[in-house]
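These are my notebook entries on one structure. I record what I looked up, entry by entry.

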Amino acid sequence: MYDLTRIGDFSKDYGLRDQIRRAAGSVMHNIAEGFDAGSNAEFIRFLRYALRSASEVQSQLYLALDLGYLHEDQFQRLFDKVIETKKQLHGFIAYLVKNKSHKSIGESNGDYQLSDGQEENF
């Protein structure tokens, strides 16, 4: 997103440029914050925030297209990436809901473990 918003008229529309950068970053930041939230319920809450931020990015991409900051092919490529990200988030939420027997996913000494001590590859 940063590369895209550094060029042309997009770089001069400070409001939209900064907002789409914040929303895109918020997707990643909410995942990270939720990972250390302490419980799967809290993690799911933050994953849902990430979904909302991804939807915000989609809305802003439409605006950028309407304003002529993006070509149709650029828009579609980015929009498709956001759709894929949202699918992955939905899948991860479904996984966490389905596996309620595990209290939390967290990081311990660099190893990723479920709270019952089982290691899991993500």
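**Entry 1: Helix H2**

I looked for bends and noted a kink of about 30° in H2, centred on Ser 26. The bend at a residue is the angle between axes fitted to the seven residues ending there and the seven starting there. Helices are DSSP runs of H or I with at least four residues, numbered from the N terminus.

I recorded that this is a predicted model, in which local features need pLDDT of at least 70 and side-chain atom pairs count only at pLDDT 80 or more, while totals for chains, interfaces and linings use all residues. Residues are numbered from 1 along each chain as its sequence is written, and side-chain values use heavy atoms, with hydrogens and water left out.

I then checked the length of H2. Its 22 residues (14-35) should span 32 Å at 1.5 Å a residue, and the end C-alpha atoms are 31 Å apart, which agrees. The expected span is 1.5 Å times one less than the number of residues.

I also looked up burial (buried is under 20% relative accessible area, exposed over 50%, partly exposed in between, with a 1.4 Å probe and protein chains only). The buried residues of H2 include Leu 16, Ile 20, Val 27 and Phe 35. Ser 26, where the kink is centred, is also buried.

**Entry 2: Salt bridges**

How many salt bridges does a search of the whole structure find? I noted three. A salt bridge is a side-chain nitrogen of Lys or Arg within 4 Å of a carboxyl oxygen of Asp or Glu. Side chains of opposite charge can pair when their charged atoms come close.

- Arg 6 pairs with Asp 3, with 2.8 Å between the closest N and O atoms. Both Arg 6 and Asp 3 are exposed.
- Arg 17 pairs with Asp 18, with 3.0 Å between the closest N and O atoms. Arg 17 counts as buried because its relative accessibility is 16%, whereas Asp 18 has 26% and is partly exposed.
- Glu 42 pairs with Arg 45 at 2.5 Å, N to O. Both lie in helix H3 (residues 40-66), three residues apart, about one turn of the helix. Glu 42 is partly exposed at 28% relative accessibility, and Arg 45 is partly exposed at 32%.

**Entry 3: Gln 74**

Is Gln 74 buried or exposed? I found a relative accessibility of 17%, so Gln 74 counts as buried. Gln 74 belongs to helix H4 (residues 72-98). Leaving aside neighbours within four places in sequence, I listed Leu 4 and Tyr 69 as its contacts (heavy atoms within 4.5 Å).

Definitions and conventions
Helix = DSSP H or I, 4+ residues; strand = E, 2+ residues; numbered from the N terminus.
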